[in-house]
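Here is a short briefing to read alongside the model. Have the viewer open and follow along topic by topic.

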Amino acid sequence: MGFLDINHVTKSYGSVQVLHEVDISVNEGEFLVLVGPSGCGKSTLLNMIAGLEGITSGDIAINGRVVNGMHPARRNIAMVFQSYALYPNMTVGQNITFGLEMHGTPRPERDAALARIAKMLQIDHLLDRKPSQLSGGQRQRVAMGRALVRDPAVFLFDEPLSNLDAKLRVDMRTEIKKLHQRLGRTIVYVTHDQIEAMTLSTRIAVMNKGYVQQFGTPKEIYDTPTNLFVASFMGSPSMNLLPVRVAMLNGSPHAELTDGEGVKMHLRLGQANLAGQEGREVILGIRPEAITDPEGADRKSGNIQHLRTRVGVTEPAGADTFVTTTLSGKDVVARMRADAAVAPGAPFDFAVNMDKAVVFDPRTEERIPA
Amino acid sequence: MSTLTQEAQLARAKGPIPTPAPTQDTAVRTGRVARTFIYLVLLLFALFYLLPFGIMVINSLKPLSEITGGNMLALPQDWTIAPWLSAWSTAQIGVEPTGLRPYFLNSILMVVPAVAISTMLGALNGYVLTKWRFRGDTILFGLMLFACFIPFQIVLIPMARMLGLLGLAGTTAGLILVHVVYGLGFTTLYFRNYYAAFPTELVRAAMIDGAGFFRIFWRIILPVSGPIAVVSVIWQFTNIWNDFLFGASFAAGSSAPMTVALNNLVNSSTGVKEYNVHFAGAILAALPTLIVYVVAGRYFVRGLMAGSVKG
């Protein structure tokens, strides 16, 4: 049992079930990110933890105490909303201390807490302003200050960065991570941005259509996605997914694929359990960074396979160069060093790190475990 | 000036000459002519609409003999405020020579609580209907809207019966009740549409902060309700102040409102008809609504737009 336990939780609106049997458990001090496309139920789940939405069945426990039906104010949580939800008629200072005031904290304590938080977030010079006089980033800080001042057991963040411009978003992301490391508090964070999910979390729950698709550490989610949805949702550019056939060569299983001209090629699979399944149609998943130029290949990998095929497009992105080619009728993206000697239209020797490859069953869309 | 800028100016002068096609200049010039015309027409219409009020003011400031002499449109030869004093404090209202003063007070005593209560309840209704939604709330709101379309005459007899049962017949309190009940449909409509645009996340944030139903209303919702409150107050004030039918039906005699007293002043069938006093009385009766409009009129339009566009 962890610090925040979500046990068999479901949510229905009438006959429409929006959450199916959600099971998530995290320990104290963890950073849980709920990630998924819009409409996947992540915000609903967050609102249920907050107590803003009822629970249809199952239960949610914070620090061993079941909070079903408990008023949000008594759950010892604080929430940062997507729109910041600052009270427009109050000053920044009043906004931050409103929660303390409602909980009956005496004035001197409130002022001390305000001073502490304002200093921490570097907003001490803004305390007498109204929210309408603040920039987006400043509002964001005030919203965080309002949550921090309460010193709750669990912080809830509902897409807090999605209203900021790209640069500020990256800065605030780092600040949130710093804050988490400093305070060591449990955080539940909702986002649709898989990069935010990867960078911030200690645990990720990838959600789609009301189901938790996979719950695990960022590394587990990234390296061994449990199904095709997780594989394609997490990672940018997303994982290359190629329909291939299992073939046996020299007694070991290979993935048989074709290049742009229809020539058959083979990549040795690391998964021994596919031996004896010759002819089986599977989907081979390879991350772009596992396909490189030969010099850039991971030297620690025990299974680098070479593929000579024609380069489609090259997209230099500064730090990396993305190279597109065609395999088994699909566009494949490879991530190479910026100075890789690769020219569009010319044949090139691609190095594929098959240690990092995963295999999916095309019918169930589940990963075939090694 | 350096040679460089001189050269630049020379180059600019050699550039293509602007064609005399429609430019910003001609557009402004034709606009100015059109605008003058528009202002002229508007001024004429304004004068035309102000004419009746002007006649009233003029005639309230002259002795009766000048009116009966047939000079209604002329300016007074003897300027006098006697008709105003008479209308206010000595004119015969029904059988008592009290002037309009006590009835003016009646109207104030009726309109202030009625406006305050109906506006507050409307705000509360709007808050509940948008932020504390429940099963069937839209149907309930639809039913409340019906109140806006029920003609006054229909409710006269049931209302008289109700007031009788409550022991409020013929009192100012009874009249306040009638106006609150009748105004609720409108005030609820205004506030509901206004609050529909108010972000629900703020209410949720306040809930997590530990504020309850009334605290959220009082501390979060009401402070930002200024524009729509002005709309509601003006609307309710004007309607209630100007109401004659309910006043005449439910509060006759000494608790009658201003409108009923004005009618009694003008329609008295004995003695000489003092038109100058009647004019002064009519202006007195219209003055409060006029003042409310002048003071808060621009908020009225602004608030009405905000409520309707975003709702």
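At what angle do the axes of helix H5 (residues 101-131) of chain B and helix H11 (residues 226-242) of chain B cross? In this predicted model, they cross at roughly 140 degrees and come within 9 Å.

- H5(B) and H11(B) form a right-handed crossing.
- On the H5(B) side, the contact is made by Ser107(B), Met110(B), Val111(B), Ala114(B), Val115(B), Ser118(B), Thr119(B) and Gly122(B).
- H11(B) brings Ala229(B), Ser232(B), Val233(B), Gln236(B), Phe237(B), Ile240(B) and Trp241(B) to the contact.
- Sorted by class, the residues of this contact are nine nonpolar and six polar, with no charged ones.

**Chain A as a whole**

- Eight helices and 20 strands make up the secondary structure of chain A.
- Along the principal axes, the C-alpha atoms of chain A fill a box of roughly 80 × 45 × 35 Å.
- Chain A has 370 residues, and 41% of them are buried.
- Among the contacts in chain A with a separation of 6 or more, 65% join residues 24 or more positions apart.

**Two domains in chain A**

- Domain 1 of chain A covers 4-233, and domain 2 covers 240-360.
- The centres of these two domains, taken over C-alpha atoms, are separated by 39 Å.
- Each side gives five residues to the contact between domain 1 of chain A and domain 2 of chain A.
- On the domain 1 side, three of these residues are nonpolar, two are polar and none is charged.

**The largest nonpolar core**

- This core holds 165 residues, and the members that touch the most others are Leu34(A), Met79(A), Leu156(A), Val188(A) and Leu100(B).
- Helix H8 (residues 172-196) of chain B gives the most to the core, with 13 residues.
- Take a look at Leu156(A): beyond its neighbours within four places in sequence, Leu156(A) is in contact with Leu46(A), Ile49(A), Ala50(A), Ile77(A), Met79(A) and Val188(A).

**Where chain B touches chain A**

- Here 14 residues of chain B are in contact with 17 residues of chain A.
- On the chain B side, the elements that give two or more residues are helix H9 (200-209) and helix H10 (213-221) of chain B.
- H9(B) provides the largest share of that side, seven residues.
- By class, the chain B side has nine nonpolar residues, one polar and four charged.

Notes:
Residues are numbered from 1 along each chain as its sequence is written. Chains are lettered from A and ligands numbered from 1 in the order in which they are written. This is a predicted model: local features need pLDDT of at least 70, side-chain atom pairs count only at pLDDT 80 or more; totals for chains, interfaces and linings use all residues. Helices (H or I, at least four residues) and strands (E, at least two) are DSSP runs, numbered from the N terminus. A residue is buried if 20 or more other C-beta atoms lie within 10 Å of its own, exposed if 12 or fewer, and partly exposed in between; C-beta atoms are placed from the backbone. Two residues are in contact if their C-beta atoms, placed from the backbone, lie within 7 Å. Axes are lines fitted to C-alpha atoms, for helices over the stretch in contact, and angles run from 0 to 180 degrees between N-to-C directions. A crossing is left-handed if the near helix is turned anticlockwise from the far one by less than a right angle, and right-handed if clockwise. Ala, Val, Leu, Ile, Met, Phe, Trp, Tyr, Cys and Pro count as nonpolar, Asp, Glu, Lys and Arg as charged, and the others, Gly among them, as polar. A nonpolar core is a set of buried Ala, Val, Leu, Ile, Met, Phe, Trp, Tyr and Cys residues joined through C-beta atoms within 7 Å. Domain bounds come from an automatic or database domain assignment.
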